[in-house]
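Trainee: Before we discuss this model, may I ask that we look at it together and then work through some questions on its contacts?

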Amino acid sequence: MIEHTAADLLATLRKGDGSAESLTGAFLDAIRQRDTRVRAFLHVDEAAALEKAHDIDARRKRGEPLGALAGIPVAVKDVLCTAGQRTTCGSKVLQSFVPPYDAHVISRLRRADAVLIGKTNMDEFAMGSSTENSAYQITRNPWELACTPGGSSGGSAAAVAACETPLALGSDTGGSIRQPASLCGVVGLKPTYGRVSRFGLVAFASSLDQVGPLTHDVRDAALLLEVIAGHDARDSTSVDRPVPKYTRTLDDPVQPLTIGVPREYFGAGLDGEVEQAVRAALKVYEKAGTKLLDVSLPYSQYAVATYYVVATAEASSNLARYDGVHYGHRAAKHDDLIDLYCRSRGEGFGAEVKRRIMLGTYVLSSGYKDAYYVKSLQVRRLIKDDFDRAFAQCDVIAGPVSPTAAFRLGDRSDDPLAMYLSDIYTISANLSGIAGISIPCGFTKGGLPIGLQLQAPPFEEEKLLRVARMHERATDWHTRRPKL
Amino acid sequence: MADLPYRIVIGLEVHVQLLTQTKLFCGCSTRFGQPPNSATCPVCLGLPGALPVMNRRAFDLAVKAALALNCRIASFTKWDRKNYYYPDLPKNYQISQYDLPFSSDGHLDIQTPEGTKRIGIIRAHLEEDAGKLLHEEGGSGKDSLVDLNRTGTPLLEIVSQPELSAPEEAKAYLEELRLLLKALEISDCEMQEGSLRCDANVNIHVPHADGVAATPIVEVKNLNSFRAVERAIKFEANRQYGQFQSDGKKLGDRGVSKATAGWDDVRGVTVVQRRKEEASDYRYFPDPDLVPIEVDSAWIAEVRALLGELPAAQRTRLQSQYALSAYDTEVITRQGRPFVAYFEELARGCGDAAEAKNWLTNEILQTLNDRKSDVRAFPQPADAIAELIREAKATGLNKQRARDVYAHMVSEGGTAKEVIKKLGFTPVTDEGQLRDIVRRAMAANAKAVTDFKNGKVKAADAIKGAVMRETKGMARTEMVQQILLEELQRA
């Protein structure tokens, strides 16, 4: 049962086979049995989950109307605020932080009668591509425990892959949903910037962050996106436009369909096995009558550099509030105010977060701001223009998600630049605000999953999901589950 | 100022809190004096994941102020983060406006002894206020308390050109600004409560052999009253002159930069604190949590329609419409719009603008001052006081009696007519009645009548006195005089 998709589980529950309580119990059992190895979860609230499930069963019995996710467990990346429940962001700084409010997406999940099963591990403040930057634990790839699940939403991706939950939420600032989805063989969707409210999402880089689903298949991604998308007056960057019924049109193929294939995504650094799998996926589309079009994104070569200026600049300011004064970690001993700041932040933050705060502070500082920050905003505009030009010729853009399949834990921890390059194909979607999805498209000889990335113009999630679904219906990669 | 050996150059940076019900980026109350940290929420506490959303009403008020200051309103404006660490700033950045303020290039006319002077406004921008730190008495340095009620209150920063050339002008500028902002109900401008704060940038131009030397600019802070602004500038200019005499340092010299000084009101001195170049690098950048604002002409027109008559225009109109002196107009307009409205109603009601002005600027203003109250809380409406003025004139009620009636109306209530009757101030105006009283008085003072007949004109005073006693002074003297003469001649 735990290997089923959320859509299947919902159908079963609606038919009256089994109960939400037994379903939640099954996933809690899976967590108990598997998560000692996978270590995807930071906190699991068994009692609350079972109580919610019990309540849904009772309401179903009374014939009351139920939400779109009634009785389905959802795991949530620990970057999303949950009222009355610890929200750590994978950081020591927020070890004891209990938000008095729910993130917008959490309210939406509660309203949809989802069962919030637990909070998942992540790179501290979503900074990283392997989840190794968590202050708490190392999450392992369910397909190969010696490998990384990717990051920063590694906990959510691993939890879905390991069948510890059918649905999970992550956040994507430079690839943090799509890259771990790819490395764990699940589906991960980064919506258009503004499609999902960021209220209650602890900020890393506000102009890039977006919440999105991690699921077994595209149908579940559509289902979960439908619940979390939409305008929220508490986030002025959330856009007020209707949310299509993604699940309703999902199985309609896009015809005619032109897929743009950027030549820059198949250059040096791309692993051979990954390229092979991605090209095979493109063949699947071609067979179905899709036109493949060679496109160019010339400025994408500057995406990683641009990203590490914009994202770190915003982060240096966003993370300034963790100073030990009002909440969060405060150093036990300090001489004066400056010492309190230095010690609290010095003790509370890990190395990668400190590195990025320093970078961001530097690129904004007087004398360097024009050369770095201001220049990056200009390049960001050019990267967006690249996509606008490409999308004038094609419906979606396809390519790899990450240059390699899952790498071994520890392999890149001492080489931040190598780690940053894990996101080379995903970062430009955040810089330009467009939507992107990672879907399973094969395995390496060593049995590690490989993902295909599809990207669509802003607010074209409906088309993106339909195109992704076309591949999914022609293949069975999304049905594979790791042996645990 | 002509006798000073230098010319003072002053630019003012004024912060005013806007009169909104709620804060700039959240729904918390901005009311002054609530229990510490009670008017807070995740947004103004800067909790993780909380996001700011602009208060449209605050922006409208700010645009209103900028229009009143003749500023140009930008069609595109945005929010920036000013980054610095301080415990009264929970996010450790302030949401402000940096390179694209919503308004710029305005002016404010002030009155100086030399006449009207136009002071340029460089810019006016919106930002959020910080909280307050309460330091433990005794200065152990251990316990400082933070009150975040004020955090996020909308602040309008108005930066003048360095075009004020005397401490008195700085004060006049502040008074005119306060009058304008109060009249438009943009801010209550209470320096004591911190809803108006002012920093002064001061330097002096000293004539010397090669022309004019400008001294380094000093920003004077901690100015808690208009009087403090005036005194501090006077002191600082003089201090800079002394300094210049001893070190000759000029603005623009190598190693010379802007300094900050605090005003010590008790000792009456400015204390130079730190060099500006050592101050923080604020690392301004656009706030990615807030969308930029596009202001179209319809929006501006909508706000402009709410402006009404500005104090300067009002002053001119009052002078010509009611034939008031410049001084009287100033006294009236300075009290704000409701006071002016009261005056105009009173003048219309009693049909005598001069009398209305006298009553308003003497009795009514005195009452308001005694009660520390506002004209909106004054117990008698303008038409009631107008009735008093009309009655007093019609019945020849003397000033002192009219004042008594006024005092009674204000403290006990009642209309002018009622109070006049109650106090027995109803005049004896019936000629027949008065003639009877005169005749009775003559009968009772036969000797005086005889004396008068014998040429002692003064003897009539005794009879007059008796009549006035009889009428409790409510007969008009001229009328008594007239009737008495007639009766004496007839006798």
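**Aromatic pairs and the chain interface**

Mentor: In this predicted model, Trp477(A) has a relative accessible area of 25% and is partly exposed.

Trainee: Which residue forms a tilted aromatic pair with Trp477(A)?

Mentor: Trp477(A) lies in the segment after α16 (461–474) of chain A, and its partner lies in strand β10 (residues 435–443), so the pair ties together parts that are 34 residues apart in sequence. The ring centres are 6.0 Å apart, with 55° between the planes. The partner is Phe443(A).

Trainee: Is Tyr284(B), which pairs with Tyr98(B), buried or exposed?

Mentor: The rings of Tyr98(B) and Tyr284(B) are stacked, at 4.0 Å centre to centre and 10° between the planes. Tyr98(B), at 37% relative accessibility, counts as partly exposed. The cut-off for a buried residue is under 20%. Tyr284(B) has a relative accessible area of 16%, and therefore counts as buried.

Trainee: Which residue of chain B forms a salt bridge with Arg198(A)?

Mentor: The rule finds one salt bridge across the interface of chain A and chain B. Its closest N and O atoms are 3.2 Å apart, and the partner of Arg198(A) is Asp289(B).

Trainee: Which helix of chain A gives the most to the side that touches chain B?

Mentor: Across this interface there are 20 residue pairs in polar contact. On chain A, α10 (303–318), α11 (337–348) and α12 (351–364) each supply at least two residues of the side that touches chain B. With five residues, the element that gives the most is α10(A).

Conventions. Residues numbered from 1 in each chain as written. Chains lettered and ligands numbered in written order. Predicted model: local features only at pLDDT ≥ 70, side-chain atom pairs only at ≥ 80, totals over all residues. Heavy atoms only, no water. Salt bridge = Lys/Arg side-chain N within 4 Å of Asp/Glu carboxyl O. Polar contact = N/O pair within 3.5 Å; in protein donor to acceptor, adjacent residues only side chain to side chain. Helix = DSSP H or I, 4+ residues; strand = E, 2+ residues; numbered from the N terminus. Phe/Tyr/Trp six-rings, centres within 6.5 Å; stacked < 30°, edge-to-face > 60°. Buried < 20%, exposed > 50% of the residue type's maximum accessible area, 1.4 Å probe, protein only.
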